[in-house]
Structures are given as C-alpha cells and as structure tokens.
Amino acid sequence: MRGLVFLFGMVLTTHLAPCQDFIGSVPSSIRFSAVLDDAVSSLATTDVTGTSPGVKFKFDHVELLDNSTANFVVLSPSSGIIPTLVHVGLNESVVRKMTPGIHSLVIDFSTVDHSPASHARLGVTLNLSAPSTPNIQTAVNTASYLSSLSPGAMVSIFGTHLGRQPGASAPYSEFGLYPTDLSDTAVTFNGIAAPLLYVGPSQINALVPYGLAGQKTANVVVTRFPGLTSQSSNAFTIPIADTSPAIFTSTSNGRGQGTFLLYPDSSYNSPDNPAPPGSAVTLFATGAGVWSPSVPDGAINLENYALPPNLPWFNTRPVSLTIGGKAARLIYTGGVLYQVWGLLQINAIIPEGIASGPQPVILTIGQNSNADQKITIAIK
C-alpha cells in the first residue's frame, strides 16, 4: 500500500477539569503507525477534546524523545477556549524526510492568564516502517540509454522504490565532490560507493566509480537508509569497458539529433538551424574513461583542464570525431568548467564537402565508439 497507513486503537478524548486541574486530564498518549513508501497520499487525524468553559489554553511546546530529530505533528487549532476540538495529525512534509523507526515526542498544553499556569502533556508515538525493497530493472549510459558503460561515465539506473518522492538533485560539496549518500539512498558498483547526481523513486543518475578500471563487469546495488534499517536491492550486473563514448541528444532518448551548439551564438543545431560546413560546433558526451592525471570520484572540473587532441589523453587512448563520414578537426577536448568530470566537451570544425541534411556523427575514444547511437547533425 502506497503512502502512509494509519492504525488507531481508539478515539482519544478528555474532559478538562476546572480550577487547578484545568487541563490535567489530557490523554496520556496517541499512537500512529505508518509505512514510508514512494509517496504520502493522505493524512488522518485523531481528536483531543476538553470541557471547562471559559478557560483559555494554548499549545506550549514539543519535546522530542528517543531518536526523533524533527517535530512530525501538526495541531489545529493551536490555541482556544475550552471546550475546543484539537486535531493532532502528522506533518506530511516532515514525515517524507524521516527514517524508519520509532519516533516519539511530547506535546505540552498550558493555560493562559493563570498563574501558575496549568500544564498537560500528550505523548505522540510514530512507528514508521521501512519502505518496499528497491528493485533495479536496468542500468544504462545516461547519454545513449545503451548498456555501454565505463569508469567515470554517467549512468542512469531505472527501477522501483529506488528513492524518495519527490526526487532530489545533489549539490556538490565545498570540496567539489558529489555525495555518495543522497536522500538516504546509496549505490555501489562491486562494493564501491558511486557519486550520486539525482535520486528519485524510479530513477537514479550516478557516476561509475573510477575504481572499476580494468574490470569487465560490475554488480550494481541500491541501498535505502544505509546504516539504519537498510533495504538493499537485487544485484544488477552490467558490462564495463575502458571507454563508452556517448553523445547527449536533443531528444533525451539517446538517438537521432544530437545536442550541438553552433558558433558564435551558441544556438542549438536543428533542421531549422543547420550548421554550415567549415563552421565550429560544440558537443557534450560521457564515457571517456579514466582521466590522466587521475581525478577523484564525483569531482567537478575547477581547473578547466584539457589536453590537446594530438597529445596522449585518457591514459594514451586517442579520440576522433567524424561528421558525414569525414574526419572533423578537433579544437578542444576536455572537461566542462564547474561540471562533473564525467561530462566531456568537444569543440570541432565541421568538414567541408559534406551533403546537406542530417549527417551521422561518430565519436571514438580508444577502441570504442558511439556508432550504435546513430546520432545526426543537421547540415546546411
């Protein structure tokens, strides 16, 4: 069952007595039971009532107990004149972010305009159960949506119960690194923690760890609430190559028209905005493999580091680009400033003498290419 499931043993009410026992008979506890799943669909309430006409009362404060780190209840109204019906419910936005376990707090009510004030405490317990076990259905190159992956490549993992709803995009830290634990979700490749870019219920975007260099396969595992009430997925096996070049596309499906920026206005290439032969074009890709010199997993480019295309690159693996079957001259090949090192930028000159219309673009790094993508660029 999706969302939060509430179990109530009984409706809790009380009569607020006069004199110094104005609110001394508030019920001692309310219990909520819930299952944390992909979405919180609805919230129920229980009621607390009291009788002692004319006595003003207010919600005073919440005291957190056990392992609770946040006030997960809402009250309405928070003050009034007895008798008043007070609704006690769960705060949906807070519960979405909580971890499974027993969470307890105490709500304190007090009288107004009385000295000394009369107080009554109401204990609230939330038994928050773990969500469904995550399930990986596939893991593919983020640019191509194909199974070709390599160390440092951007990877998209698809499945069910992978993370919280709504999804969370990761900021990089002050050290220029993306986290390996985002929204209480972690991913490992052969036991190596992967930097995370985005985590949602059905998709995770991550980076293949550089530590997989030289390995042929990797077992991918998604774990929710690591170190607490851990829920680990099935191990999904993927092939690992030295490089896995893939060009990002304007359709975001890994096929057809690539994402190409035209010089000098950085407009997007399309059939309505074709590129003239001999002009400059910029493309973005992933799957370049291990950098030389090496960079840490999840690091962003803070150096604008690039190597000329005629020098050893990616541990001596060469790079080349053809457009319309002809070799394109490379102007820049390297990382993108303030972007993760898994993202590759290439600036190239479109060869002269190629036909107009959509023309194939093939990027080769080392022994591997993106030919299976069937990427095209619109030529004038």
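Buried residues have under 20% relative accessible area, exposed residues over 50%, and partly exposed residues lie in between (1.4 Å probe, protein chains only). Y172 counts as partly exposed because its relative accessibility is 36%. The model is predicted, so local features need pLDDT of at least 70 and side-chain atom pairs count only at pLDDT 80 or more, while totals for chains, interfaces and linings use all residues. Residues are numbered from 1 along each chain as its sequence is written, and side-chain values use heavy atoms, without hydrogens and water.

The largest nonpolar core has 37 residues. Such a core is a set of buried Ala, Val, Leu, Ile, Met, Phe, Trp, Tyr and Cys residues joined through side-chain atoms within 4.5 Å. Among the residues with the most contacts inside this core are V155, I157 and V187. Elements that give two or more residues to the core include β10 (154-160) and β12. Strands (E, at least two residues) are DSSP runs, numbered from the N terminus. A second, separate core has 29 residues, including F260 and V361.

D184 lies in the loop between β11 and β12. Its phi is near 60°, a positive value in a residue other than glycine. D184 is partly exposed, at 22% relative accessible area. N190 lies in the loop between β12 and β13 (192-193), and phi of N190 is near 50°.

Cis peptide bonds were also found. One runs from S76 to P77, with omega near -5°. P77 sits in the loop between β4 (73-76) and β5 (79-81). Another joins Y263 and P264, with omega about 10°.

Conventions. Helix = DSSP H or I, 4+ residues; strand = E, 2+ residues; numbered from the N terminus.
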